[in-house]
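Look at the chain below and follow its fold from one end to the other.

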Amino acid sequence: AAGLSRSAFVLIAYLMKMEEKPYMEASNALKSINTNMCPNVGFIQQLQLYERMNCKIVPSDSLYRNYRLQSTARMYTELGDVSRVKSFIRSSHSGLLKGKIVHKCRKCRSLLFSENNILAHPIGTGQDAFKWRKRDAKTNNNQQQQIVSVCSSYFIEPLPWMEAAIVGSVEGKLSCPKCNNRIGSFNWSGSQCSCGTWITPSFQIHHNKIDESKH
């Protein structure tokens, strides 16, 4: 069964790349030949990501970086694989050096991360996403309630200056490596952005602790 799943994964990826077929079309084409050949859930997720990336593997692509980070988090939280974490940290450091827009500690001006280290996420529904904060939605006749979703933090890749804090712990505080001012927090199991979106894993740096400037 494992062999069939892996073979199906390779064949579908080939059809997507070489014949420019969408994932579902390539998958159905394979099933029409052999109904037993079907990739497992993990392979399917990778193929769907491959489709979203236009069948190109670009290490700097935010979708690919998010996938790698989530995979690293699973290996760390489930198996305690520290080597994967350290490998990811080394790769994210190159993004810090190449960024044109950088973010520094507001207190001591120490360089912390660049635009290349920021991981984008879909904007949530604000307060409605926090079940424990929900209020009655009753309004007067023509009164309309508008919810503005604002992200109050950056969610970034783990970087070398975080290593001592994040390796060996599931969650904790993040502080500037130079002045030790608290600037955020981390949680390998994830946390919720102020906009309502759940981010896993999360390395969260508060906007009000950071200044942005050009490199």
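Helices and strands are DSSP runs, numbered from the N terminus; a helix has at least four residues and a strand at least two.

## Overview

This is a predicted model. The protein chain has six helices and nine strands. It is made of 215 residues, of which 37% count as buried. The protein chain exposes about 13,100 Å², and carbon and sulfur atoms supply 50% of that area.

Contacts can also be sorted by how far apart the partners are in sequence. Among contacts between residues at least 6 apart, 58% join residues at least 24 apart.

## Aromatic pairs

A pair of aromatic rings is described by two values, the distance of the centres and the angle of the planes. Rings count as a pair if their centres lie within 6.5 Å. By this rule there are five aromatic pairs. In one of them, Phe9 and Phe43, the ring centres are 4.5 Å apart and the planes stand at 25 degrees, so the pair is stacked; the cut-off for stacked is under 30 degrees. Phe9 belongs to helix α1 (residues 2-18) and Phe43 to helix α3 (residues 41-52), so the pair links distant parts of the chain, 34 residues apart. Phe9 is partly exposed, with a relative accessible area of 21%. Phe43, at 17%, is buried, because buried means under 20%.

Phe113 and Tyr154 form another pair: the centres are 5.4 Å apart and the planes are at 65 degrees, so this one is edge-to-face. The pair ties together parts that are 41 residues apart in sequence, because Phe113 lies in strand β2 (residues 111-114) and Tyr154 in strand β3 (residues 153-155). Both Phe113 and Tyr154 are buried. Elsewhere, ring pairs link Tyr76, Phe186, Trp188 and Phe203 into a cluster.

## Nonpolar cores

How many residues does the largest nonpolar core have? The largest nonpolar core has 25 residues, and those with the most contacts inside it are Leu112, Phe113, Ile156, Ile166, Trp188, Phe203 and Ile205. Several elements supply at least two residues each to this core: α4, α5 (82-98), β2, β5 (182-187) and β8.

Where in the chain is Glu20 found? Glu20 sits in the loop between α1 and α2 (23-33). Its phi is positive, about 55 degrees, although Glu20 is not a glycine. Glu20 has a relative accessible area of 70% and is exposed, because exposed means over 50%.

Asn54 also has a positive phi, near 60 degrees, in a residue other than glycine. Asn54 is found in the loop between α3 and α4 (62-79). With a relative accessible area of 62%, Asn54 is exposed.

Which two residues does a cis peptide bond join? The cis bond is between Thr200 and Pro201, with omega about -15 degrees. Pro201 is in the loop between β7 (198-199) and β8 (202-206).

Conventions:
Residues are numbered from 1 along each chain as its sequence is written. This is a predicted model: local features need pLDDT of at least 70, side-chain atom pairs count only at pLDDT 80 or more; totals for chains, interfaces and linings use all residues. Side-chain values use heavy atoms; hydrogens and water are left out. Rings of Phe, Tyr and Trp (its six-membered ring) pair if their centres lie within 6.5 Å; planes under 30 degrees apart count as stacked, over 60 as edge-to-face and the rest as tilted. Buried means under 20% relative accessible area, exposed over 50%, partly exposed in between (1.4 Å probe, protein chains only). A nonpolar core is a set of buried Ala, Val, Leu, Ile, Met, Phe, Trp, Tyr and Cys residues joined through side-chain atoms within 4.5 Å. Contact means heavy atoms within 4.5 Å. Accessible areas come from the Shrake-Rupley method with a 1.4 Å probe; for residues, only the protein chains shown count as cover.
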